[in-house]
Amino acid sequence: MTIHAIDIIDGDHDAWTLDVRCSKGTYIRTLAEDIGAALGCGAHLSALRRTGSGALTLDGALTLEQLAAMSDPERDAALMDADALLADWPVVRLGTEDAGRFLTGVRRRTALPDAAHVRVYGPEPRAFLGGGVIAAGELISTRLLSPVEVQGLLVQTRIHKK
């Protein structure tokens, strides 16, 4: 768990609004208890609202009402790419043969440096295959899209180009 920043947004005496930017796996309720213990007064949450996760923020969110008012093509256009949450991970691009093997979970030898997280693509620009790690000269899959999902991304790209 990593706390990147805690900002006080509002508050007085016994009720405070905080903005916490943290890594995944952080328990905000426990953080509040820890802050209260450090202050010697105890603390708990009265509300909790996630305002972002990775590259996704509320600024780009749509309400259920907005989605209901859209046509199917408008909703499709509003969807973010499957790799939107991984936008800050390094990219690994594989050729057709290696991409097929990667999608079956087979480890691939690579000369790339070790990396805790990478997003992996096939030979076509939008052919997102999934996430992986590079360790000791091997590209290892951690989360994979199914071949049907990858094909759907490619078909979607062709439709948007027309």
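**Close-up views of a predicted model**

**View 1. Met1, out in the open.** At 69% relative accessibility, Met1 counts as exposed, because the cut-off for that word is over 50%. Keep in mind that this is a predicted model. You'll find Met1 in the segment before β1.

View 2. Which strands each supply at least two residues of the patch? They are β1 (3–12) and β2 (15–22). The largest share, 3 residues, comes from β1.

**View 3. Helix α4 and its buried face.** Now look at helix α4, residues 96–103, where the buried residues are Ala99, Phe102 and Leu103. Seen down the axis of α4, these buried residues fall within an arc of 95°, so they line one face of the helix. After α4 comes Gly105, with a positive phi near 90°.

**View 4. The largest nonpolar core.** In soluble globular proteins, nonpolar side chains tend to be buried together. The largest nonpolar core in this model has 18 residues, and Val92, Leu94, Val120, Leu129 and Leu139 touch the most other members. Two or more residues of this core come from each of α4, β7 (115–121), β8 (128–135) and α5 (147–161).

**View 5. Zooming in on Leu129.** What does Leu129 touch, leaving out residues up to four places away in sequence? Its contacts include Ala99, Phe102 and Leu103, the buried residues of α4. Leu94, Val120, Tyr121 and Val150 are also among the residues Leu129 touches.

Conventions. Residues numbered from 1 in each chain as written. Predicted model: local features only at pLDDT ≥ 70, side-chain atom pairs only at ≥ 80, totals over all residues. Heavy atoms only, no water. Helix = DSSP H or I, 4+ residues; strand = E, 2+ residues; numbered from the N terminus. Buried < 20%, exposed > 50% of the residue type's maximum accessible area, 1.4 Å probe, protein only. Arc of directions from axis to C-beta. Core = buried A, V, L, I, M, F, W, Y, C linked by side-chain atoms within 4.5 Å. Contact = heavy atoms within 4.5 Å.
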